[in-house]
Structures are given as C-alpha cells and as structure tokens.
Amino acid sequence: MKWEAFLSAVQERGEYPSQQEAERAARVVIALLGAHVVGSERSELAARLPETCTPILLDPLPAAEPLDARGFVRATAAWVDGATEETAEWDVGAVLSVVADAADEELMGRLLLQLPPGYDLLFGRPEPT
C-alpha cells in the first residue's frame, strides 16, 4: 500500500476535510501503536504498511506501561493539540481500521493478543480474537 492510498483511506474513514488532518492522526496513532506492539508482529505489520510508517512504527519511545484501550485514546488526545477524548477516539478508529485492513486476520489476531482487552473495538474488529 502506498502512503497516499493509506492517507486517503484514513481521510475517508475519519471524514477529515484535508489529507493533512488525516496524516496528523495517522502519525500519532501509529507511533503510539508502535510503543505497545513488540516482536515479530510489529515488524510484520510495518512490512504491510506504507514505507513512511516504518520508522514511526518501529522506532517509537517504548511505553512505560501497557495502556488499556481507553488509555490509548487518552494518550492520543494528549498528543494532539486541541483534541478531546471524543475526537481522539475518532482519530484512533479511523487510523486503526485502515491498519487492520492492511494486516491479515492471522496477524491481527496475534497483535490483539499482545494488547489489553478492548483494542479489538479500536481496530474496528468487535469480535474478541
């Protein structure tokens, strides 16, 4: 997947008026995700996303502690100027649903096993894996 196609999908799902807003959301959410996913799953996911995502996903500051789904949304809100938890939840859903589409179901299952309960909803996959 090319970066432009990825951003277009995020822009469409997030109903952002500009690609710049979609890019802002994508960079923040992917960086946070990279801080919480480890091992071969993180590398496999990076290989399925646009090259622009690779350093964002693979070189984040490590998370001090795992965040539950609500904490992930709060952290996203903290990284975006003027964001609320509601707008951050929108950002997270738009980006992670596109990420989930780029990964196959088997990889998504392994990713969700690394994350606390509730992330399935953030990825737009409401069935626990």
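This is a predicted model: local features need pLDDT of at least 70, side-chain atom pairs count only at pLDDT 80 or more; totals for chains, interfaces and linings use all residues.
How many residues apart are Trp-3 and Phe-6 in helix H1, and what does that come to in helical turns? I looked this up first. The two sit 3 residues apart in helix H1, which spans residues 3–14, so about one helical turn separates them.

**Entry: aromatic pairs**

I went through the rings next and got a count of 2 aromatic pairs. One is Trp-3 with Phe-6: the ring centres are 5.9 Å apart and the planes make an angle of 10 degrees. Planes under 30 degrees apart count as stacked, so I wrote this pair down as stacked. I also checked burial here, and both Trp-3 and Phe-6 are buried.

Then I turned to Phe-72 and Tyr-119. Their rings are 5.5 Å apart, centre to centre, with 70 degrees between the planes, and I noted the pair as edge-to-face. Phe-72 belongs to helix H5 (residues 69–79), while Tyr-119 belongs to helix H8 (residues 119–122). The pair therefore ties together parts that are 47 residues apart in sequence.

Tyr-119 comes out at 1% relative accessibility and counts as buried.

**Entry: Asp-91**

Last stop was Asp-91, which I found in helix H6 (residues 85–102). Its relative accessible area is 4%. The cut-off for buried is under 20%, so Asp-91 is buried.

Which residues does Asp-91 touch, leaving out those up to four places away in sequence? I listed Tyr-16, Arg-24, Ala-25 and Val-29.

Key
Residues are numbered from 1 along each chain as its sequence is written. Side-chain values use heavy atoms; hydrogens and water are left out. Helices (H or I, at least four residues) and strands (E, at least two) are DSSP runs, numbered from the N terminus. Buried means under 20% relative accessible area, exposed over 50%, partly exposed in between (1.4 Å probe, protein chains only). Contact means heavy atoms within 4.5 Å. Rings of Phe, Tyr and Trp (its six-membered ring) pair if their centres lie within 6.5 Å; planes under 30 degrees apart count as stacked, over 60 as edge-to-face and the rest as tilted.
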